[in-house]
Amino acid sequence: MPEKSRSLNGKVAVITGASSGIGEAIAHELSQAGCNLVVTARRTERLHALCANLPGPAVPLSADIDHPDVAQSLLALAIQTYGRSDILINNAGILVSGSLETIDLDGLSQMTRINHDAVVRNSYVFARAFKQQGSGAIINVTSVGAYLSHSSMSVYAGLKQAVEMFTTALRVELKGSGVRVGSIAPGTTETEIFDRLRTLGQQVQADQTPALQPADVASAVRFMLEQPEHVNMARMLLVSSSESV
């Protein structure tokens, strides 16, 4: 008989970038699955509203994810509140794009800190704790952009590809430890990132092709986490049925 799906009821999940879009949808999905949550983002009011609207327990931490102390603070808050941590979802990210002449170089540096450096730091901090307890799961949200070449998004794509490679290496390093590590690369997904690009007059792929919704990505994340004990879903590419990748 095939092994049953893993229950997430009572598991403690930490979700970054949870105030909107994919992170908010993941928070709702995992809360409905029975997880106790720690959610973080910069927007305090949005975080508190999220926690108030979730069906299960959730505590917020308002912070800039690229601050070096945040990873340890998130782990400490999970342990202080629930006694442990079981799942880390590295979802926070920003998109800075533009031509050679117009790209914001300071913005690129900030994107590097948020989209790559913070993911690495969070992953290592939680991986050490998970390895010590002999169980845990880390999912890093990347992007279909990791597999595409687009002149105005070269740094964004490079960072997402770097996170994919890091995730693979961390999974291999943790083999046999009870800690599962994987990445999910969503295709074009309708989020607030595109609202900002529209205000800047930039072309938005979601306006050309029917896009994924944040809830679609959240369901896929839950599917990855609910795999049986012996299964590590290392990488998932999730795209719209109308998207050419």
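Q: Which side chains meet in a salt bridge with an N to O distance of 2.9 Å?
A: Those of arginine 222 and glutamate 226. A salt bridge here is a side-chain nitrogen of Lys or Arg within 4 Å of a carboxyl oxygen of Asp or Glu. The model is predicted, so local features need pLDDT of at least 70 and side-chain atom pairs count only at pLDDT 80 or more, while totals for chains, interfaces and linings use all residues. Residues are numbered from 1 along each chain as its sequence is written, and side-chain values use heavy atoms, with hydrogens and water left out.

Q: Is arginine 222 buried, exposed or partly exposed, and what is its relative accessible area?
A: Arginine 222 is partly exposed, at 23%. Buried means under 20% relative accessible area, exposed over 50%, and partly exposed in between, with a 1.4 Å probe and protein chains only.

Q: How many salt bridges does the count come to?
A: Six. One of them is between the side chains of glutamate 229 and arginine 6, at 3.1 Å, N to O.

Q: Where do glutamate 229 and arginine 6 lie?
A: Glutamate 229 is in the loop between helix H7 (214-225) and strand E7 (235-238), and arginine 6 is in the segment before strand E1 (12-16), so the pair ties together parts 223 residues apart in sequence. Helices (H or I, at least four residues) and strands (E, at least two) are DSSP runs, numbered from the N terminus.

Q: What does aspartate 66 meet in a salt bridge?
A: Arginine 113, at 3.2 Å, N to O. Aspartate 66 sits in the loop between strand E3 (58-62) and helix H3 (70-82), and arginine 113 in helix H4 (residues 105-133), 47 residues apart. Aspartate 66 is partly exposed at 26% relative accessibility, and arginine 113 is partly exposed at 36%.

Q: Where does serine 183 lie?
A: In strand E6 (residues 179-186). Serine 183 is buried, with a relative accessible area of 1%.

Q: Which residues does serine 183 touch?
A: Not counting residues up to four places away in sequence, its contacts (heavy atoms within 4.5 Å) include Asn140, Glu164, Met224 and Arg235.
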